[in-house]
Amino acid sequence: MGVMIATIDSSIVIISLPAIFRGIGLDPLAPANIGYLLWMILGYTLVSAVMVVVLGRLGDMFGRVRMYNLGFAIFACASLALSLDPFRGGPGALWLIGFRVVQAVGGSMLTANSAAILTDAFPARQRGMALGINQITALAGMFLGLLVGGVLATIDWRAVFWVSVPIGVIGTFWSYRSLRETGTRRPGRIDWIGNLTFTAGAGTLLAAVTYGIQPYGGNSTGWTNPWVIGGLSTGVLLLLTFCIAETRIAEPMFQLSLFRIRAFAAGNLAALLIAIARGGMQFMLIIWLQGIWLPLHGYDFERTPLWAGIFMLPLTVGFLIGGPASGYLSDRFGARFFATTGLLLVAGSFLGLLALPVNFSYPAFAALLLLSGLGQGMFSAPNTSAIMGSVPPEQRGVASGMRSTFQNSGTALSIGLFFSLMVVGLAGTLPHTLSAGLQAQQVPAATAQQVAALPPVSTLFATFLGNNPVGHLLGPSGVLHTLPASNAQTLTGTRFFPELVSGPFHHGLVTVFGAAAVMALIGALASALRGRSEGAGHTASSEAKQPARSSD
């Protein structure tokens, strides 16, 4: 329940952003408000990526259950505060962003310590199944959030945050009442140098990536912005300083020595790559469905967020089937075969998506989503079990945090990477196509060229938010009211923009899914090279040599 609500809240806002910004009276696509939009989407993920290692290490020191319980309480309080936003406009957006950050801290306490608690609680012969259910619940929550957000946003924008309050309250009381420490605490001093350099470095780096997808000057992206370049350089320098410092501190927060364990290093590399690929797939599928396929099939743009979540359900079904089953089987036969085969299936699904036309047949699309979900489920559960079973018991909290860091960082990096690839691809072809299409519908040449010169990221975000892109682009000029009714109706209908953008979009889609397939194949190679030492028999025998641990 803890990891599901934490991951649902990482994606529930994405699909609900149009209702949220209407509720606080703010246009998210106005140039001055793009920053609010990005931080509403990425702030939660960024904080989660930065904080999980720190909180996992604190769990090792002060008790994993104690940190987990506190996380539920913080999460519940932040969810209540989000639903009670008293402001409108910019202050209202800042309130939501601020408490999303607090909510992310609570969610990080849950995700950083949940795998360690389960690893402590279950014997090796059952650990894959337990961690598989936990991991697949977390991944399924990311996609269920899209569906839940679409449903609740039609009721009231505050309902998007209300749903977390009762779950958070119940989880808080239940965890405080039921959970007991069974793991071994490792008392020590807080590594202030490591905490500060890692938090500042990772935060600066991911924040720079966030601003890199915003237009700068005459460029469609912001990668040439001196502030972005400076942020990337500073973030990398701070992380290098962190790595050097961690090798010289007696009690480091980040156990770099764990990377000497081949199963741990290979598993985390594969998890990072598939997290990047998964994040890119999630956002590209949303844009594909909301901006092109659903409107072509008669769905109004305002209804596309909800239906996009519904049509992506085969992906979640695949997770729920593949995860527990592969977790159970990996307990008996080891993780390597299932994890590697799962990533090969994911790579195959990406290649299959590349072969589909933009206006695809849904059964073929659904089958590829189901295949991708099965593959990700087959990979995630055994891979998590292998990572957690390969480390000493007293370091499971920090190992769980490190694993979550790679996964969350991959999701944050994927947005910057794949949005940039898509925007760059659109920038080369969309302006001419858009200008010609608008002029063919009697839009004045000056207005058409002015609209075509706007950054493609605004067009992408318009489809992402369930807005009519042409209505949004032409709205400020007022030209729609001067055109013949038939032309205005064509421009704002459900077919004009999807048919116009399908060619440039497919070009960007090939680039994005091609890169994701390569990442999945590299991840499969890393998984295959992890060795056999992570099998259940090895883990069980190694734990048998350790003294029994009593409950606190």
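The legends below describe close-up views of a predicted model. Local features need pLDDT of at least 70 and side-chain atom pairs count only at pLDDT 80 or more, while totals for chains, interfaces and linings use all residues. Residues are numbered from 1 along each chain as its sequence is written, and side-chain values use heavy atoms, with hydrogens and water left out.

**View 1. The largest cavity has a volume of about 370 Å³.** A cavity is a set of points on a 1 Å grid over the protein atoms alone where a 1.4 Å probe fits but cannot get out, and lining residues have an atom within 4 Å of a point. Of its 26 lining residues, Thr7, Ser10, Met142, Gln407 and Asn408 are the closest to the centre of the largest cavity.

**View 2. The largest pocket has a volume of about 480 Å³.** A pocket is an open set of grid points with protein on both sides within 12 Å along at least five of seven lines, and a volume is the space filled by probe spheres set on the points, which are joined across faces, edges and corners. Among the 21 residues that line the largest pocket, Met1, Gly2, Tyr68, Leu118 and Leu179 lie nearest its centre.

**View 3. Trp288, Leu438 and Phe513 touch the most other members of the largest nonpolar core, which has 107 residues.** Such a core is a set of buried Ala, Val, Leu, Ile, Met, Phe, Trp, Tyr and Cys residues joined through side-chain atoms within 4.5 Å, where buried means under 20% relative accessible area with a 1.4 Å probe and protein chains only. A second, separate core of 18 residues includes Leu46, Ala202, Ala207 and Leu258.

Note on methods. Buried < 20%, exposed > 50% of the residue type's maximum accessible area, 1.4 Å probe, protein only.
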